[in-house]
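User: I would like to go through this structure with you, starting with strand pairing and then moving on to the chains. Could you begin with the term we need?

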Amino acid sequence: MRKCSINAIDSVFAKIAESLALYLPVDGSDGKATYKKWENGVKWSNALNTVKSPKEFFFPQTEDMMEFKTSGKNIEIIDTREETEDFVIFGVRACDVRSFDILDRVFLTMPVDSYYASKREHSIIVSVACTKPSETCFCKAFGIDPAVPKGDVTVWKTETEIFFESNTAKGADLLSKIADLTEECDNAPVEEQKEKINKIMAKLPLADLKTEAFGGGKTEQYFDHPAWAELSESCLGCGTCTFVCPTCQCYDIKDFNTGNGVIRFRCWDSCMYSEFTRMAHGNNRLSQKERFR
Amino acid sequence: MNNREETLIPKIGVITDIRIDTPDIKTFRVVTPDGKKAFDHRPGQCAMLSIPGVGEAMFSITSSPTNEEFMEFSIKKCGCVTEWLHAAEVGQQITIRGPYGNPFPVDDEFAGKNLLFIAGGVGLAPLRSVINYCRHYRDRYGKIDIVYGSRSKDDLLDYKEIIDEWCNDAGVDVHLTIDREQEGWDGHVGFVPNYVKELGFDTDKTAVLCGPPIMIKFTLEGLTSLGFEKSQVYTTLELRMKCGVGKCGRCNVGSKYVCKDGPVFRFDELDELPDEY
């Protein structure tokens with residue numbers, strides 16, 4: 001385990017940014033945090049989490065996939081994919097780190113999605129422990145440990161110091177880059193913080209939330225449950241829940257005519273939208289209740 | 001440059017023949033620019049066809065895998081992509097990717113069985129692939145019955161092939177029906193589900209159904225009343241798809257994706273899924 005003074009963190013960022021693109025949560029003028037590219041003067045947010053999840057580093061809201069040129073009856077397909085360069089996402093919370101596993105299950109199972117895979121493989125994830133979980137947090141119900149988040153490097157932040165522990169070879173490489181700015185240390189303060197976090201977690205209103213009633217194989221059982229009508233009544237069908245959700249991964253594929261060819265792109269889509277399942281022969285989810293469910 | 005394989009990037013296909021089947025269905029023959037089949041498939045599988053700038057859509061491959069020269073798609077005009085295709089001429093290039101989905105179990109569950117194919121309208125398109133596969137390997141299967149109905153004689157898909165080839169095959173019985181009386185038609189008149197009940201098939205068969213949802217519903221009821229078990233009856237589903245590989249998220253029924261776990265399902269499997277298709 002290595003550490004640095006909290007006052008040295010900007011030098012650590014500067015060092016990393018010398019060789020790698022570095023993204024981290026930054027407070028906006030509205031007081032809400034979003035991931036931004038680090039440059040001189042950019043400050044790491046103290047917010048518990050960002051409004052939008054970091055899923056868009058791997059699965060952007062819109063993404064060009066390929067291009068077509070047409071001439072008469074002929075079509076040319078242009079593969080516009082490029083290999084991503086290594087980059088660092090710093091300050092990812094335990095829940096969001098876990099969401100990458102869920103997205104991996106979709107995009108990295110056969111046939112592997114090359115757009116996602118390229119970005120995912122070149123990412124270096126630096127997670128941060130949740131010193132002050134909020135009363136709406138429920139990550140423990142999903143077996144996530146906010147005191148020991150996963151990722152290539154785990155970071156703990158105290159009032160005065162930042163602690164770093166690498167979990168992977170990629171993480172060790174990153175820590176070697178900042179070795180001059182950090183020092184080897186014992187883990188007593190981190191152990192103390194873990195204990196504090198666990199105590200807070202145990203007191204949270206959703207500490208005893210259980211998920212056994214949901215999940216695989218239970219869909220049929222609750223399919224006609226009256227709760228769906230009540231829950232969906234206030235749903236406007238705006239799809240924002242699926243956009244901020246770290247694990248929602250539905251997408252649409254569309255063509256855009258540039259006047260000089262056609263770009264095929266994909267963009268986030270939402271099962272909350274009325275046209276999500278609409279096809280030539282009809283729509284199998286006609287009401288908002290059916291979509292919400 | 002990203003050199004990874006990517007299923008979402010299609011190949012070029014060329015339309016080399018367009019057959020007008022009915023007033024709103026045409027059958028398109030597609031090969032690669034060097035005149036080959038774009039890829040191999042199994043009976044019941046699908047392919048994504050697209051016209052850049054118009055859109056991409058999933059279609060069942062209607063030709064049998066035993067056809068080694070080209071693929072065929074019987075397409076009903078009913079949306080943007082299909083309208084564009086219907087206006088296309090021979091020589092037009094399109095894009096094609098696939099094959100997608102699971103096939104009919106022609107080499108295992110169907111082997112040695114008597115087969116009963118029941119189709120309505122353009123629902124014959126996905127069944128033609130498996131019917132012609134079973135005709136090609138005729139000695140691997142028992143008796144084959146085909147019940148096919150449409151609105152009128154003019155709306156019967158593959159009519160020439162049915163009359164000239166299927167009807168002349170030994171051990172293949174074709175039962176055609178149209179919804180209403182029509183001049184020049186001396187065959188059966190009536191809806192497919194009623195005709196199936198009238199024909200009163202023995203239950204020593206494996207049945208395959210495809211057609212409009214309402215036809216499927218009543219035909220399944222008809223088969224059940226004749227004593228068929230749901231585990232003897234297969235169908236192929238159609239839901240909106242974008243990726244074709246179980247990732248874009250819209251064709252799921254419960255935990256199954258129609259594009260990769262289907263489109264072929266047995267009715268006893270469908271019974272375990274939410275009623276959402």
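Analyst: Two strands are said to pair if DSSP finds at least two bridges between them. Please note that this is a predicted model.

User: Fine. How many bridges join β11 and β12 of chain A?

Analyst: Strand β11 (residues 251-257) of chain A pairs with β12(A) over 7 bridges, in the antiparallel sense.

User: Which strand besides that has β12 of chain A as a partner?

Analyst: Strand β4 (residues 62-71) of chain A pairs with strand β12 (residues 262-268) of chain A, in the antiparallel sense and over 6 bridges. Here Met66(A) has Arg264(A) of β12(A) as its bridge partner.

User: Let us turn to the contact between the chains. How many residues does each chain give?

Analyst: Chain A contributes 40 residues and chain B contributes 36 residues. On the side of chain A, the elements that give two or more residues include β4, β11 and β12, as well as the helices α2 (94-107) and α3 (114-121).

User: Which element gives the most on that side?

Analyst: That is β11(A), with 5 residues. The side of chain A that touches chain B divides by class into 18 nonpolar, 11 polar and 11 charged residues.

User: Now chain B itself. What is its make-up, and why call its radius of gyration consistent with a compact globule?

Analyst: Chain B has 6 helices and 15 strands. Its radius of gyration is 18 Å, and this agrees with a compact globule because one of 277 residues would have a value near 19 Å. The C-alpha atoms fill a box of roughly 60 × 45 × 35 Å along the principal axes. Of the 277 residues of chain B, 52% count as buried.

User: What about domains in chain B?

Analyst: The domain assignment gives domain 1 (11-100) and domain 2 (114-236). Their centres, taken over C-alpha atoms, are separated by 24 Å. The contact takes 15 residues from domain 1 of chain B and 14 residues from domain 2 of chain B.

User: Which elements of domain 1 take part with two or more residues?

Analyst: On the side of domain 1 of chain B that touches domain 2 of chain B, these are β1 (11-22) and β5 (71-76) of chain B. By class, that side has 5 nonpolar, 8 polar and 2 charged residues.

Definitions and conventions
Residues numbered from 1 in each chain as written. Chains lettered and ligands numbered in written order. Predicted model: local features only at pLDDT ≥ 70, side-chain atom pairs only at ≥ 80, totals over all residues. Helix = DSSP H or I, 4+ residues; strand = E, 2+ residues; numbered from the N terminus. Domains from an automatic or database assignment. Contact = placed C-beta atoms within 7 Å. Nonpolar A, V, L, I, M, F, W, Y, C, P; charged D, E, K, R; others polar. Rg over C-alpha atoms; globule rule 2.2 N^0.38 Å. Buried ≥ 20, exposed ≤ 12 C-beta atoms within 10 Å, placed from the backbone.
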